[in-house]
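The structure comes first, followed by the report.

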Amino acid sequence: MTAFRLSVLFPALASVGLLAGSALAHAHPGVPGPQPDGMHGRPGPGGMLLPPFPPGITLTEAQKAQVHKIFSQGHEEMKARREKLKSLRDKIRTALSVDGDLDRTLLADLTKQESDLHVQEAQARLETQEKLHDILTPEQRRQANATMEKIRSLHDQLDAIMGHPPEDGPPPAP
């Protein structure tokens, strides 16, 4: 991407982020968001946490309590899976650093366990999304879907303006 395109993209994305953040602060006052889900338990890129619902969705107090309960329950399970994943990766690293022949059976078993944990994480994310979906009323779901369509449209417009560098050659000069 050229320097000009980056100089246009970053301010545009920052503006969208600031508007969304402001709307979220008003839409969900006092509602704790999801726990940090970035690397090592810290927030993701830019220090931002993704909200569970798009801007403009106003939750009742009962819904806010349900959202809090969903994220609280999932946090401990997620933490345990991450610790187990770290342990498996340490075992794989140790198995790969031995002198002599590798124990390929052990490595295959550890890799399968690691893969199973990733499947469990994906299933847990889907279950959380299903629970969040069930909290919303049909009207809130329609409103959320309309907002998400507008956001997708804005992303498409940004892509159309910014374009993409050619895949088969070097990027154009600035």
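Contact here means heavy atoms within 4.5 Å. Among contacts between residues at least 6 apart in sequence, 73% join residues at least 24 apart. The model is predicted: local features need pLDDT of at least 70, side-chain atom pairs count only at pLDDT 80 or more, and totals for chains, interfaces and linings use all residues. Residues are numbered from 1 along each chain as its sequence is written, and side-chain values use heavy atoms, with hydrogens and water left out.

**Overall composition**

The chain has four helices and zero strands, in the order α-α-α-α along the sequence. Helices (H or I, at least four residues) and strands (E, at least two) are DSSP runs, numbered from the N terminus. Of the 174 residues in the chain, 22% are buried; buried means under 20% relative accessible area, exposed over 50%, and partly exposed in between (1.4 Å probe, protein chains only).

**Salt bridges**

A salt bridge is a side-chain nitrogen of Lys or Arg within 4 Å of a carboxyl oxygen of Asp or Glu. The count comes to seven salt bridges by this rule.

| Pair | N to O distance |
|---|---|
| Lysine 64 and glutamate 61 | 3.3 Å |
| Arginine 89 and glutamate 114 | 3.0 Å |
| Aspartate 116 and lysine 112 | 3.1 Å |

Lysine 64 and glutamate 61 are both in helix H2, three residues apart, about one turn of the helix. Lysine 64 counts as buried because its relative accessibility is 13%, whereas glutamate 61 is exposed at 60%. Aspartate 116 and lysine 112 are both in helix H3, four residues apart, again about one turn of the helix. Aspartate 116 is partly exposed, with a relative accessible area of 34%.

What does the salt bridge between arginine 89 and glutamate 114 tie together? The side chains meet at 3.0 Å, N to O. Arginine 89 lies in helix H2 and glutamate 114 in helix H3, so the pair ties together parts that are 25 residues apart in sequence. Arginine 89 is partly exposed at 37% relative accessibility, and glutamate 114 is buried at 16%. Separately, Lys86, Asp90 and Arg93 are linked in a network of salt bridges.

Glutamate 121, in helix H3, is buried yet has no salt bridge. The nearest side chain of opposite charge is that of arginine 125, 4.6 Å away. Lys and Arg count as positive and Asp and Glu as negative; His and the chain ends are not counted. Apart from neighbours within four places in sequence, glutamate 121 is in contact with Arg81, Arg82 and Leu85.

Lysine 91 belongs to helix H2 and is partly exposed at 46% relative accessibility.
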